[in-house]
Amino acid sequence: MSASYNIGVDIGGTFTDCVAVDTDGNISLGKAPSTPPDFSRGVIDAVSDAARHVGLGSVQELLRATRIFFHACTVGENTLIVQEGAKTALVTTKGFADAVLMTRGTTTIGLTEYEGFHEAMLRKPDPLVPRQLIKELTERVDYKGAVLVPLDIEETRRVVAGLAGSGVESIAISLLWSIANSEHEEAVEALIRESYPDIFVTRSSELTPFVGEYERGITTILNAYVGPKISAYLQALRDALREKELSSEPLIMQAYGGVLGIDATCKSAVSTIESGPASGVVGTQFVGKLIGEENILATDMGGTTFKVSVIRNGALERDYAPVFMRYQLLTPKIWVESIGAGGGSIAWIDPDSNLLKVGPQGAGAVPGPVCYGVGGEEPTVSDADCVLGYLNPDYFLGGRMHLDKEAAAKAIQEKIADPLGMSLLEAASGIYRIANSHMTDLIRKATVERGYDPRIFTLFAYGGAAAVHAGRYAAELGVHQVVCPPTGSVHGATGLIASDVVYEYGTSDNLVVPADTQRVNHNFADLIERANRDLHGAGFETDQVQIVRSLDMRYRYQVHELNTSFAPGTEELTDADLDQLYKDFDEAYEQSYGKGSAYREAGREIVNFRVIAVGNLPDPIIRRVTTSAGNEGSAVKAKRDVYFEASNGFVETAIYDFDLIAPDAEVHGPAVIESPVTTIVVNPGDRATVDELRNIRLFIGG
């Protein structure tokens with residue numbers, strides 16, 4: 001019987017990554033440059049590279065043998081960043097056209113604390129819909145869902161006809177209190193689809209049925225803005241994969257950590273924004289379960305950004321009101337914090353202070369770091385890593401790409417060292433240390449500032465550049481163990497193949513605690529009915545479905561909401577179930593905001609009801625390597641001079657071939673371990689081992 005495969009493909013800003021796992025648990029990796037604007041070419045190229053490593057003659061052979069094809073894309077982020085979405089209009093209730101432009105009156109949303117003190121930064125985000133394309137409709141529904149003013153159908157026809165005549169490609173519908181009664185929004189949608197079927201339509205009551213007039217409106221606008229581009233891309237990808245003989249429907253990663261089919265994804269396109277980082281966290285959770293680690297700091301350093309997420313007790317943390325490009329959204333995603341500190345982050349000199357800075361601006365895929373030799377002129381973190389000896393110019397991407405170390409050194413010398421009166425070594429090591437400090441600060445923000453002690457976590461380092469730096473930022477945090485997965489820079493694709501089909505549902509209903517248990521069960525019953533219908537329609541049997549219910553709660557007279565979950569599988573909730581949840585909320589609040597911060601005297605209130613419905617896909621089997629006492633010396637392939645902070649200079653260092661390190665062999669720092677997809681730096685005083693899943697385990701301080 002021939003092998004079959006699960007494939008995951010993750011598009012990054014610089015490279016497109018592919019992981020293929022066969023039925024025996026063997027992993028093969030593929031990598032190719034991303035190909036904007038037609039990202040599907042990069043997808044096919046990455047799968048072709050994986051096919052070569054599998055030993056198959058063509059991409060068609062691999063795709064014919066593929067059972068499930070998973071995919072994460074950056075089309076949504078790129079569309080927003082370059083502001084090249086569809087020409088979008090908004091229709092809303094008469095008298096509320098300016099609500100999305102007012103943005104609740106705040107000018108600091110999405111800014112750092114530092115930026116918030118600078119007047120030049122205090123501006124609202126650019127509107128995605130110009131005022132002339134925001135139209136009002138005569139209608140009004142109250143907060144209980146009662147129709148106070150019926151929808152004026154003839155006026156609606158005139159408004160829609162006018163928008164169509166102005167060339168809009170997409171229309172967002174967000175009417176006041178449509179979450180309590182959606183019949184007016186449904187009527188507007190039906191009219192548009194009947195008269196102008198080529199216009200993309202997004203309805204707020206379907207996409208994000210939660211209280212928050214501005215947030216619901218801007219989320220609907222973003223979906224309408226990016227939806228046509230994502231839909232066109234996914235449909236083109238489906239055609240390209242079918243042409244290459246893939247028979248199954250591709251499953252698309254969502255930012256909340258699950259996958260959906262293409263048609264469902266096109267309806268909620270905004271949920272794909274930052275789905276790539278989410279897949280990396282899902283992959284970390286999957287590997288963590290395999291090796292018995294439940295408390296994990298997931299750190300991802302790619303070419304553009306450094307990202308961190310937290311896994312506690314084996315569970316992912318979600319953000320139900322994320323901010324993207326200073327837009328406050330109501331679409332859930334895995335909690336991920338990021339900064340501009342990737343391998344392509346540019347080193348520069350602040351003209352006011354004459355101090356060395358690193359990031360947040362980056363070189364991107366084009367022109368890229370200077371050492372890539374594709375046009376970059378500004379020195380970057382990767383250039384410093386190359387000059388310091390961490391990166392092997394002749395073995396980058398397994399030797400498929402040569403790095404120009406001399407050009408990197410020249411750029412750092414001319415742009416940084418000479419202007420600051422430094423030596424080349426001082427400038428390069430300064431870039432390295434500053435980048436590490438930025439990453440350490442972000443991890444502290446993700447842990448210490450949220451009530452967690454980073455020392456009790458295991459740190460995962462993935463992304464192409466993370467394992468070069470992880471030993472240093474882990475040491476700064478007091479973390480004792482770092483796990484570098486063998487998938488390295490393609491780890492996000494690993495998360496894809498470990499994903500399940502996940503639908504999310506919700507509704508707003510404000511209830512004072514203790515809540516009426518019957519009303520709570522009624523609210524959940526409607527959401528669960530939709531969940532079961534959608535998952536059964538996707539081909540899942542009842543025993544393959546898991547339902548998780550949760551509540552967004554807060555103390556009365558406060559604005560901070562926390563999501564707290566019931567135990568999975570609970571059927572009809574009882575008073576005792578609710579009482580336990582209230583206690584869990586109190587504990588979670590003090591965990592997040594500090595002991596004694598819970599304001600129990602004010603009472604509690606429920607704001608939102610949520611249901612996560614999971615259609616369980618079989619987890620891939622990952623082949624374990626039989627452990628044996630290994631001789632690490634046989635894996636040494638060379639020696640070269642490498643810079644280490646502890647030595648304050650270059651040290652002759654053993655360079656190890658990852659593929660030749662025997663399981664259970666120990667590598668003592670200083671050392672560098674090279675694989676085709678990443679480089680692991682073992683600092684003096686640290687040691688590394690290879691476990692049975694081929695993870696490199698770094699033990700900080702030995």
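Helices (H or I, at least four residues) and strands (E, at least two) are DSSP runs, numbered from the N terminus. This is a predicted model, in which local features need pLDDT of at least 70 and side-chain atom pairs count only at pLDDT 80 or more, while totals for chains, interfaces and linings use all residues. Residues are numbered from 1 along each chain as its sequence is written, and side-chain values use heavy atoms, with hydrogens and water left out.

**View A. Methionine 325 sits in a loop between two strands.** The loop joins strand E17 (323-324) to strand E18 (327-328). With a relative accessibility of 32%, methionine 325 counts as partly exposed, a class that lies between buried (under 20% relative accessible area) and exposed (over 50%), as judged with a 1.4 Å probe and protein chains only.

**View B. Cysteines without a disulfide.** The structure holds zero disulfides, a disulfide being a pair of cysteine sulfur atoms within 2.5 Å. For cysteine 73, the nearest cysteine sulfur belongs to cysteine 266 and is 9.7 Å away; cysteine 73 itself is buried, at a relative accessible area of 0%. For cysteine 371, the nearest cysteine sulfur, that of cysteine 386, is 5.0 Å away, and cysteine 371 is likewise buried at 0% relative accessibility.

**View C. Leucine 698 and residues around it.** Leaving aside neighbours within four places in sequence, leucine 698 is in contact (heavy atoms within 4.5 Å) with several residues, including His480, Val482, Cys484, Ile680 and Arg687.
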